[in-house]
Protein chains: 2
Amino acid sequence: MSGNPASDKAAAGMRAVLPTRWWGWGDRDGTISDALLTELREHLGLGDRVISRPVALADVELPASRLSDAARTALEAQVGPEHVVSDRLQRVAHAAGKSYVDLLRLRAGRPLAVADAVVLPGSEADVAAVLTVCEAHSIAVIPFGGGTSVVGGVTPLPGKHAAVISLNLRRLDGVVEVNPLNQVARLRAGMRGPDAEAELNASGFTLGHFPQSFEYATIGGFAATRSAGQASCGYGRFDAMALGLRCVTPRGIVVVPAIPPNAAGPSILQLLLGSEGTLGVISEVAVHVRRQPVARWYEGWSLPDVGSGISALHRIAQQDGLPDVVRFSDAEETRLSLAVAGGSASGWLPRLLDWRGQTEPCLLIVGWEGEPVSISRRREAGIRVIREHGGVRLGRRAGETWRRNRFEAPYLRDPLLDRGVLVETLETATSWDQLFELRRDVAAALGKELGVGGSSPLPGCHISHVYPEGASLYFTVMARQEQDGVAQWERVKARICDLLVEHGATITHHHAVGTDHAPWLEREIGTEGIGLLRALKAQLDPAGIMNPGKLLT
Amino acid sequence: MSGNPASDKAAAGMRAVLPTRWWGWGDRDGTISDALLTELREHLGLGDRVISRPVALADVELPASRLSDAARTALEAQVGPEHVVSDRLQRVAHAAGKSYVDLLRLRAGRPLAVADAVVLPGSEADVAAVLTVCEAHSIAVIPFGGGTSVVGGVTPLPGKHAAVISLNLRRLDGVVEVNPLNQVARLRAGMRGPDAEAELNASGFTLGHFPQSFEYATIGGFAATRSAGQASCGYGRFDAMALGLRCVTPRGIVVVPAIPPNAAGPSILQLLLGSEGTLGVISEVAVHVRRQPVARWYEGWSLPDVGSGISALHRIAQQDGLPDVVRFSDAEETRLSLAVAGGSASGWLPRLLDWRGQTEPCLLIVGWEGEPVSISRRREAGIRVIREHGGVRLGRRAGETWRRNRFEAPYLRDPLLDRGVLVETLETATSWDQLFELRRDVAAALGKELGVGGSSPLPGCHISHVYPEGASLYFTVMARQEQDGVAQWERVKARICDLLVEHGATITHHHAVGTDHAPWLEREIGTEGIGLLRALKAQLDPAGIMNPGKLLT
């Protein structure tokens, strides 16, 4: 691979700041199984050869830094010269999040925007001072946690400003306090998922928040984007586990103490959660933590079709004792998952299911955590419903395999991009009475939009979050890239977003709005809703320096 | 009783609008038991005689209506002349909510403020048109549901405006839709608790929301105040069961559709819940409903002291399978409750408990609803903890008695006021690690403040809502009225509110802010929080006609 920054001396220090490769996910390539290669070959006519590679770091287009000497001096005076960095690697590494389009642009050496400097505040006071400097010098500020946004949330757009900095929160690290009596932990915003989990585990607690970006994403990012994790059915979405926070804005620090639910006016907390850095920088979050589970049971089932699976999930979501993890794949995603997994999953298993009458099996992963007695009770209630809907048990190995590999999918993307594959995800949520139809319509639209030059795209879908009133839909799509991959995806994405708002579904269940969904937000929350968000922004960020172009267009 | 408007001809029609007596709670007096009379006599030197009565309706001070002919004509043109009313009874009946101070003022014939007219819109379009008229004529608008506010939430303060109307939402009645598949119901804002429950029951569902004001309070009021009910441990607070709403503001209708939880920006829903009519008029709420419970089990326990009860609740709140109802009274409230109940509760029961070593027993009511198997499982988990904390079982009768009488307490207030008793409640919530100390400090402060002329007040406290991170505290206080009862209570209330914010507890767990808590809100949510609420108000209600003086001072 050309342009490998791992060999770059600067990279070692940088990895502490940003542990992912500048052009892709994580620090390594995932392995494409032979079965997946076969799928790619047969459906997309791709897969055997590497046909596209990221440019060398030296070849990435990089505008000169527009940061004035005066601004740089003021920033350095606050955070120290070593924490205002603008070397090539760091500027490029902060130039984008990790969406497909982000990666296409980075690999081509043409990022949409590049920050003029990366600033690393060491404290909340640093953050406040940096905002003051930036407001005075008309510099846009892009809060940057793990940089894992897949919706353009960290793209360093300057807006109307003279320059733009990426505010990397890595140094706002660590647990402030774990209060075991209240089961509340105060965590600094820059803390990464695994670090937070490890420190809480040391006190006997867990946050239980495991989005696919877990390894790199941060506490502040979870809060700013209303993140949902793979176990959120049991542990709750991040916006449900957050009890309080501190948010540094250009107009002061908004402090929401972690007191129990109350009736003291509108929820300031729920107005800052999901604000995506457009109102200020979340510096600390108080979260509800739970005792670490003493036991864990994950297992796989196969359902005869997507309708019976949706019916089963519907029942489970409205009865007592939800599983902690529920993940139901349609037939297309199931076939792909089995292909990716390889081995028996792509060998005798499909034949066995066929023999059991499941010609187009749909994989269901269910997981329970906690006390053994709670696991067995909820498991019993869950599998009764699954059996009633024709479920065939695949056993714990299928569940454990999923659990072991649950953060793996993004690592496959870089080698897929190398092979000219369009690979991206889309997600939404809707009510139960709309779910079946919406999945069908989105899948059909994806199939139609992405059938490039006679190839047949591979769209798959799973439900990962269920609520009494509805559920999420998460689409993964692989197709053949067109010449202009960016334009291709932007066209498809627009088509699907239109479809979602036409169906009354949300434009995002857990990826947030960023730049990518911003044009559709008004159709979801109305002119009046947009007006409210603008009013909040005018109040806290009158100069508009905070993350321009995100959330609001 | 003098001045009984029930004999008034106008009252019959009015009851359909406002079913409570203008000077007090509900349509009848509760009965003061002999045992309670003894308590009042011994502690307060009061109780045997009626020493104070409400003035006659004709004697209530009533300013001339300031509504201009032009405004009246415009309002009548929209809603019909019969729905713009300003006779004496109706103006007085809408002059206040139901706090102790409200009632003191009404009984003395000196309401703090009186609306210039009561307007009854028949539709959401009516509401929008009324707001337009009112903005044009500089008329303040007080949204009025059941009128049960105990924090001054419906006091018709004109603010800076020329006149003020009370906007009675009684005609926005009925269920818009019950969607059994999604378990979502859309309810109009003016619907009262029992009507909503009856209509949902007819479809096999329940809302499960039973605040003490249930009989009169409305869906819109629940949403506007972030109401919590007696069964909210199980069914969730109203701000958790609300999934969407429609809010008519002077700048358009904000529509929050009932889609599942999502990441599409800050929660517009959670910013309108708790807005207390200061941003607009909530016209419809979409709520999560549940299947009606097939079984129900309530029972009473006695704990040896307040500390062991708090420890038990703490454990229960952080384990699986919370009861639906949890209500734990301290020794003082327990003694009073038993006295109010009379019979064996004030006879042999205390002696039995004394024999079991409980010299100062603390009553715990726990209730479970749902499937029998869920009830037994959760009950088993709960009572194990209760027994471990020294609980003595009182049986189902105690639980059922509580359940039967759970809306009764407010009916006692009028006959207590007749006897010169100060009777009021105060509530808050705090984290588990602060709970014991806060209860003790507030009880001590109440005792100190209310020991009038050698009398010893009767302050009691219960915990009615538990969360993993903390719990509510609800104080009921009876004391001897001073000459100036209003000034007396305002002094005590200020002392307690100071104490709450000093302890970092909320100024209100479920009564909302209104006028009464508004002076303390800034100490809870900060200058920045207040700034955000003002920005929202400036956006939706730039002329400031919506419920002036509530929430924000």
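**Entry 1: how the two copies meet**

I began with the surface shared by chains A and B. In this predicted model, 100% of the interface residues of chain B are also interface residues in chain A, so the copies meet through the same surface.

How many residues does each chain bring to the contact? I found 72 residues from chain B and 72 residues from chain A. Next I looked up which elements of chain B give two or more residues to the side that touches chain A. My list has the strands β9 (252-256), β16 (421-431) and β19 (470-480). It also has α11 (268-272), α15 (372-388), α18 (432-449) and α20 (518-540). The largest share of that side, 14 residues, comes from α20(B). I then sorted the residues of chain B on this side by type and got 35 nonpolar, 28 polar and nine charged.

**Entry 2: two domains in chain A**

I moved on to the domain assignment of chain A, which gives domain 1 (175-291) and domain 2 (295-406). Taken over C-alpha atoms, the centres of these two domains are separated by 30 Å. Their contact takes five residues from domain 1 of chain A and seven residues from domain 2 of chain A. On the domain 1 side I counted three nonpolar, two polar and no charged residues.

**Entry 3: strand β13 of chain B**

Is β13(B), residues 325-329, largely enclosed or open? Five of its five residues are buried, so the strand is largely enclosed by the rest of the structure.

I checked which way the residues point. V325(B), R327(B) and S329(B) go one way from β13(B), while V326(B) and F328(B) go the other.

Then I looked for its partners. Four bridges join β13(B) to β14(B), residues 362-370, and the two run antiparallel. In this pairing, V325(B) stands opposite G367(B). β13(B) also pairs with β17(B), residues 458-463, in the antiparallel sense over two bridges. There I found that F328(B) has I463(B) as its bridge partner.

Technical notes
Residues numbered from 1 in each chain as written. Chains lettered and ligands numbered in written order. Predicted model: local features only at pLDDT ≥ 70, side-chain atom pairs only at ≥ 80, totals over all residues. Contact = placed C-beta atoms within 7 Å. Nonpolar A, V, L, I, M, F, W, Y, C, P; charged D, E, K, R; others polar. Domains from an automatic or database assignment. Buried ≥ 20, exposed ≤ 12 C-beta atoms within 10 Å, placed from the backbone. Pairing = 2+ DSSP bridges.
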